[in-house]
Amino acid sequence: MATTLLAEIHRAQTRLPFLSGAERGALIVRILRELKMLRRDVLANVPADRCVWIDKLIASVSSTVSEIVKMPDAEFHRVLNEFEKLMATLHNISHPEKPSKTVH
């Protein structure tokens with residue numbers, strides 16, 4: 001799902017001036033759900049005191065969705081860009097590339 005969401009974030013960035021408030025809100029809610037899922041699945045074995053950053057991010061996004069949706073296009077674009085980078089990083093952590101097998 002992360003790669004689909006990353007593609008959706010990228011599409012939203014290119015169509016930003018044409019996105020309605022409802023579309024922006026739906027995207028932020030999807031990002032929030034994905035963050036919660038990644039927190040649960042990818043960081044489940046990481047000690048809680050080392051995951052405070054993502055817990056705070058999830059709480060902050062949860063409580064400010066309406067403010068995020070109302071941001072000017074340039075600022076909303078920056079927020080989407082940061083979410084895109086974070087999701088890609090967490091996705092890479094959860095699906096590390098397998099080393100290629102070489103014959104010696």
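I started with I28: leaving aside its neighbours within four places in sequence, I28 is in contact with V61, V65, I68, F76, L80 and F83. Contact here means heavy atoms within 4.5 Å.

A note on ground rules before going on. This is a predicted model, in which local features need pLDDT of at least 70 and side-chain atom pairs count only at pLDDT 80 or more, while totals for chains, interfaces and linings use all residues. Residues are numbered from 1 along each chain as its sequence is written, and side-chain values use heavy atoms, with hydrogens and water left out.

**Entry: the core.** The core has 29 residues, and I28, I31, L35 and L80 touch the most other members. I then checked which elements give two or more residues to it, and found α1 (2–14), α2, α3 (52–69) and α4. The largest share, seven residues, comes from α4. Helices are DSSP runs (H or I, at least four residues), numbered from the N terminus.

**Entry: two helices.** I compared helix lengths with the expected span, 1.5 Å times one less than the number of residues. Helix α2 (residues 21–41) has 21 residues and should span 30 Å; its end C-alpha atoms are 30 Å apart, so the two agree. Helix α4 (residues 73–94) has 22 residues and should span 32 Å, which agrees with the 31 Å between its end C-alpha atoms.

I also listed buried residues (under 20% relative accessible area; exposed is over 50%, partly exposed in between; 1.4 Å probe, protein chains only). In α2 they include L27, I28, I31 and L35. In α4, F76, L80 and F83 are among them.

**Entry: R24.** Beyond four places in sequence, R24 is in contact with L16, L19, V69, M71, D73 and F76.

**Entry: H10.** I finished in helix α1, where H10 is found. H10 is partly exposed, with a relative accessible area of 45%. H10 and N81 are 71 residues apart in sequence, yet 8.2 Å apart in space, C-alpha to C-alpha.

Definitions and conventions
A nonpolar core is a set of buried Ala, Val, Leu, Ile, Met, Phe, Trp, Tyr and Cys residues joined through side-chain atoms within 4.5 Å.
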